[in-house]
Amino acid sequence: MPGAPADDKAQERSQEASDLRRLVNEAHAPRARDINELHALQKTSKAKEGEEKRVASISTTLKSGAREAGPRVVTREPKHLYVPQSPRSRAAAEADQTEVAREMIKEMSDIGLKPVIVYHNLSVAEYYEHALKYEPSTHIVATGALATLSGAKTGRSPRDKRVVREPESEGDVWWGAGSPNYEMDEKTFILNRERAVDYLNTLDRIYVLDGYAGWDPEAQFKIRVVCARPYHALFMHNMLIRPSEDELSNFGHPDFTIYNAGGFPANRYTSYMTSSTSIDVSLKHHEMVILGTQYAGEMKKGVFSLMNYMLPKMGILSLHSGCNEGKDGDVTLFFGLSGTGKTTLSADPKRPLIGDDEHAWSEKGVFNIEGGCYAKAIGLKQENEPDIYNAIKFGTILENVVFDEETRSVDYDSNRITENTRASYPIEFIENAKIPCIGGHPKNIIMLCCDAFGVLPPVSKLSKEQAMYYFISGYTAKVAGTEVGVTEPEATFSACFGSAFLMWHPTKYASMLAEKMVKHGTHAWLINTGWTGGSYGTGYRFKLRHTRAIVDAIHSGELAKAQYDKVPIFGLEVPQTVSAVPSEVLMPSNTWADKEAYNKTLQHLAELFQENFKKFEDGGGHVTPEEAHRILAAGPQANKA
């Protein structure tokens, strides 16, 4: 019949198409009925051991006057209960909810019944996703780091820190002149705690991070952080020691809890409040409350304040210092305030880094308190600090930095937002880090200062009493031009090189340091990384290569065998020679053209030391009057040329 061949071909083509569709369907059969099911297939999860206990523990943490039994905790975000904040997404989500789910949300709208959606110990990738989704100020920069803003506060608020005066601890805590511990009563603390917890309970989601402080298992504290921002949770993930899955499943009740409600202000009309910011520590309740500041460093230093109280009670000395270790196991501690070179000098490619900021010295040796580093980022350059520069990658938080809108390259020289730009990263991001972060007893202690007056030598050997004096003093100097109103060098003293975080009187820490130095034969040194040949503006700063050569000479044992001369007034012993360092720069008086100006400036600095030390002359109850006198005598003696 006419046309039959064409019909046959059409039928054949139809059959081939049908066969092809059948093969495709058989090879790639649909495994989801709709797009939501498809999304659900994208992620896998496994039941976590101890989940029920963990949820119960978090619920207990979130108790308050409005929630005496603790809220019902949901550890992942169930779609039918969560209504996003965006008006557009809220409308879409509400349209997608069943009538039953909408009624459930309505019934649970009261703060005492609202279920709390908690994200507990997320992965770094999940923190990134949450930060990018919920925090408009968060961005991924070119290196893969997460750049974010800390809000109006770009640094700590030491005058807003409060410690509860409690019968159990008030005899231990350092109060009064020079102390960083401003008191508050227990009732006010409870009011602030309730304010913080109730605020956190009203949020659509909160983050709970469990971790450890202290690498020594015998002196390790379980820390829990409750916060509203994924940035804060990731920050503490970096800064605390991260638990394994087994450790997390058996974590139990924390030893110390931080309630970070920094997005909500303190009530300035509450007793003891001086502003809308309040950082409160209760040693009795083992809790810290943060209100009115989103600066993440408050959490880090809150943990350090706790350790500064608890460790000395255990006979362990807590220290605000960097620490590294030589190939023969010789450990060095580095003390120094901002701008003295502590981070730069402790990051030595020839010596593994134990830690950059917080350590403890026990009967077994030293250990890092933290699991990460919080480095200054202003002026960061790869050639000067390669370890820190190379640590800025996926998982690192960059705080308050400025970056190019298109390339996302960070401008580390920019202080457009603040001078206090920071990078937070796990310590294993440092290629030369020693893990676990523990070491033997220190062979050397190096106290760093940046003397802008230009009268202190580049290196001095310290006796035990001198070490105690300069440790208690914690000296450096501000340079003219770094702050508004500073027109000439200005002495800065911070007891134990970290006064803001001390809980005991400084002589408590100094006496423990001296005892350990004597017991383990530890040498102490004072290194000036500042000026010589005149004060700032007239003289010149010591070259970094000379300072590094001095540190190398300490580590090699060269300086322990050197011959010494004494600096007048201060009585500091100065080596006559140091390898790779010009001998003429070792004694400061040799570098000043105007000897009269040198003597006058030396006298002036000695008087500043003496004035600062008056508040420590009585020994604080931790050294005998005779020891206090010997420590005082080891310091500079003004009017005694």
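Reader: pLDDT is the predictor's confidence in each residue, from 0 to 100; what is its mean for this protein?

Author: The mean pLDDT is 88, and 83% of the residues reach 70 or more. This is a predicted model, in which local features need pLDDT of at least 70 and side-chain atom pairs count only at 80 or more, while totals for chains, interfaces and linings use all residues. Residues are numbered from 1 along each chain as its sequence is written, and side-chain values use heavy atoms, without hydrogens and water.

Reader: Where is the pLDDT below 50?

Author: Residues 78-94 fall below 50, and so do residues 100-112. Where pLDDT is low, the predicted coordinates should not be read in detail.

Reader: How many salt bridges does the structure hold?

Author: The structure holds 28 salt bridges, each a side-chain nitrogen of Lys or Arg within 4 Å of a carboxyl oxygen of Asp or Glu. One of them pairs Glu358 with Lys301, with an N to O distance of 3.3 Å.

Reader: Which parts does that pair of Glu358 and Lys301 tie together?

Author: Glu358 belongs to strand E16 (residues 358-361) and Lys301 to helix H10 (residues 297-313), so the pair links parts that lie 57 residues apart in sequence. Here helices (H or I, at least four residues) and strands (E, at least two) are DSSP runs, numbered from the N terminus.

Reader: Are Glu358 and Lys301 buried or exposed?

Author: Both Glu358 and Lys301 are buried, that is, under 20% relative accessible area, where exposed is over 50% and partly exposed is in between (1.4 Å probe, protein chains only).

Reader: What about Asp348 and Lys350?

Author: Their side chains form a salt bridge at 3.5 Å, N to O. Asp348 counts as buried at 7% relative accessibility, whereas Lys350 is exposed at 58%. Elsewhere, salt bridges with shared partners join Lys300, Lys301, Lys342, Asp357, Glu358 and Glu370 into one network.

Reader: And which salt bridge involves Arg165?

Author: Arg165 meets Glu170, again by side chains, at 3.3 Å from N to O. Arg165 is partly exposed, with 31% relative accessible area, and Glu170 is partly exposed with 33%.

Reader: Changing topic to the backbone: what joins Ile435 and Pro436?

Author: A cis peptide bond joins them, with omega about -5 degrees. Pro436 sits in the loop between strand E22 (422-426) and strand E23 (438-439).

Reader: What is the phi of Asn121?

Author: Phi of Asn121 is near 45 degrees, a positive value in a residue other than glycine. Asn121 lies in the loop between strand E2 (116-120) and helix H6 (124-134), and Asn121 is buried at 15% relative accessibility.

Reader: Where is Ala580 found?

Author: Ala580 is in the loop between strand E32 (573-575) and helix H16 (595-613). Ala580 also has a positive phi, of about 70 degrees, although it is not a glycine, and Ala580 is exposed, with a relative accessible area of 64%.

Technical notes
Contact = heavy atoms within 4.5 Å.
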